[in-house]
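This report describes selected secondary-structure elements of the model shown below.

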Amino acid sequence: MLFLALSFYFLYPTYKDHQFNEEILKLSNQQDSAAFFDKNGNDVIKARENRIKLGLDLQGGMYVIMEVDIAKLLTDLAKKQDEILTQVLIDAGEQTKNSDDDFVDVVTAKLTERGLSLKAYYGEIRDDDSKIKKDLKTEVENAIDRAIQVVRNRIDQYGVSEPVIQKKGASRLVVELPGVSNVQDVRKLLQGTALLEFKLVIDPQIAVKVMEKINTYLAGGNLDSLMKSDSLKIVAKNDSLKKKDTTNVTKTNIKKDSTSITNKKDSTVNKDISKKDTSKKGPTKKDSGKVTDTNISGLTDSNGNPLDTNKQLSEEEFKIKNPWFYLVRPQQFQDGTVAWFVRETDKQSVIRILERKEIKDLIPTDVSFALSNKSSFVDAGEKIYQFYILKRDPELTGGVVVNARSNIDPTSNSAVVYMEMNSDGAADWARITGANINKQIAIVLDNVVYSAPVVRNKITGGNSQIEGMANIQEAKLLEIVLKAGALPAPLKIIEERTVGPSLGEDSIQKGLYSSLIALLLVALFMMMYYHFAGMVADLALVFNMVFVLGVMASFHATLTLPGIAALILTIGMAVDSNVLIYERIREELTGGKPLRTAIELGYKKAFSAIMDTHVTSIITAVILYQFGTGPIQGFALTLIIGLIVNLFTAIVLTRILFDIMTEKGKTQINFG
């Protein structure tokens, strides 16, 4: 009963998501939609996050295989270029097109065939080929990491729910975008060049005035019209409506961004290809600023009064009086700086409000907005992101970045990133940093802020050191972002498939019908052939299906069309186990054994055969999952879960039911 209860518990969000979708379809207009989301928004999001996910073949959408242009990357890295290198890279591209051969290994082999070494085109004179090869492979790895980061960043901004982005082979990415219908826009989005910018964070006094303008406009009743026209929603957390805390964040968890940028302490310039960092994890970032409990100085509400941040208003009252500050929460640190935060559930609402013409007219032409790439902290189980107010025009773009390298600073034992610029960038960077000491400069990739370090001094020579990251992983991510402008490796689409939503819906219906028909036919056969014992097997079969779906829901697994085929196969294997057991029991009963003894011997003698078939099938499924892709993995995963659950239902569950019957004095059970 415990397993059954857990299965229904994990399947309940899937049921609720289906119910919500049915209700949404019945809504007659956008105003009703806005009211529905205002009331049920959190529940809808929670159900959608915890449901059984549907694969691309069932939900519809776009399946893309992209390839990083490694030949272009190696061309850019070469210290000299000639016809030989060009031809070698072309030949290497042809050879690796339909194989998993390492591109750098192939290039090395083809240069060797021509009596040349990697040293002729890459690295320094003192480097041997093994070191150059290792460095080139690291650069290729980093290029793929950059591509993944850029693609994920753009897909997140596009608003695709539950995307799948994974590496395939040496240089390819598999991207699955459920629910996408505008294929042309997505294709342009995926293949565009990454835009890396360095933007100044707006002075706090100016930022406050801009935010007050938006808040006053929305508080004047204009938010309702925006919500009706665009189905925007501001969802109050149900449990927080009873509280007086207007910030809806745990103050002790808020950490001020403590990253800073200075002259590189090591004056030597690294001219070599960046080496992959293998340093140990650095210490966690210290909290450099605490939130004050006083009202934020200079910040006023829609009536021109000091903004209430001292818990004088209820959550609902604060939301009505200050709708913009409800969405974008201000927090002031002890040093007087103000930071702004947005809940994950409100991100899309904030973005869409800022895109409205009425709001754009309120904002100065030199101001832009961006969100952080990752959450700053978590409050009540919800991710909170930092909201940045930036100058619209960048001070510099990523084209001036020559190199970036993450490492552990030996003096402070903390994670740092070394950034190197070309001569043109270095001159501009010295002017920019010199004029903005103690101000923040945001590092922005495709309008997402990855870091906003404080300038500590004028940086000359183009060599900067960014410090204050929480750990080496965060530093590595910043290195990847900086190199997206320094060494762009173009992405090209080599395979593309689109599944329409109607086809996906048709696949779901046919898959469900086929599963139900298979279940009914097998159940009918078992009842006709094994009579009462067949009904016990059918009951175990129903439990089997519930358990399998429950396990998939608990792991947030994705159900695909091949997964449905695996479910049907599981049904067949489930009754196959019962057939083996029942035939053994019938043999023992024919030999004159008592019912209890016959059942015990039947299970004992059939156990080895059942275990052998399941173990071999599981091994095969594991191999399919390990080496397969997409649909094959979906089939294998569902089959593995089904086989493991089947061992429990066929061997344990049915045995428990028969033992209960015999213990209650039942001396005859019809096994056909």
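Val367 stands opposite Lys391 in S11. The model is a predicted one. Strand S9 covers residues 367-372, and strand S11 covers residues 382-391. The two strands run antiparallel and are joined by five bridges.

S9 also pairs with strand S16 (residues 448-451), here in the parallel sense and over two bridges. In this pairing, Ser372 stands opposite Val449 in S16. Six of the six residues of S9 are buried, so the strand is largely enclosed by the rest of the structure.

## Arg329 in strand S7

Arg329 lies in strand S7, which comprises residues 328-332. Its relative accessibility is 5%; because buried means under 20% relative accessible area, Arg329 counts as buried. The side chain of Arg329 reaches the backbone oxygen of Phe325 at a distance of 3.4 Å.

## Packing of helices H17 and H19

Two packed helices are described by the angle between their axes and the distance between the axes. For helix H17 (residues 561-590) and helix H19 (residues 631-663), the angle is about 30° and the axes are 8 Å apart. Angles under 35 degrees count as roughly parallel, so H17 is roughly parallel to H19.

The crossing of H17 past H19 is right-handed. Among the residues of the contact between H17 and H19, 15 are nonpolar and nine are polar, with no charged residues.

Methods
Residues are numbered from 1 along each chain as its sequence is written. This is a predicted model: local features need pLDDT of at least 70, side-chain atom pairs count only at pLDDT 80 or more; totals for chains, interfaces and linings use all residues. Side-chain values use heavy atoms; hydrogens and water are left out. Axes are lines fitted to C-alpha atoms, for helices over the stretch in contact, and angles run from 0 to 180 degrees between N-to-C directions. Helices (H or I, at least four residues) and strands (E, at least two) are DSSP runs, numbered from the N terminus. Angles under 35 degrees count as roughly parallel, over 145 as roughly antiparallel, 65 to 115 as roughly perpendicular and the rest as oblique. A crossing is left-handed if the near helix is turned anticlockwise from the far one by less than a right angle, and right-handed if clockwise. Ala, Val, Leu, Ile, Met, Phe, Trp, Tyr, Cys and Pro count as nonpolar, Asp, Glu, Lys and Arg as charged, and the others, Gly among them, as polar. Buried means under 20% relative accessible area, exposed over 50%, partly exposed in between (1.4 Å probe, protein chains only). Two strands pair if DSSP finds at least two bridges between them. A polar contact is a pair of N or O atoms within 3.5 Å; within protein, one must be able to donate a hydrogen and the other to accept it, and residues adjacent in sequence count only if both atoms are side-chain atoms.
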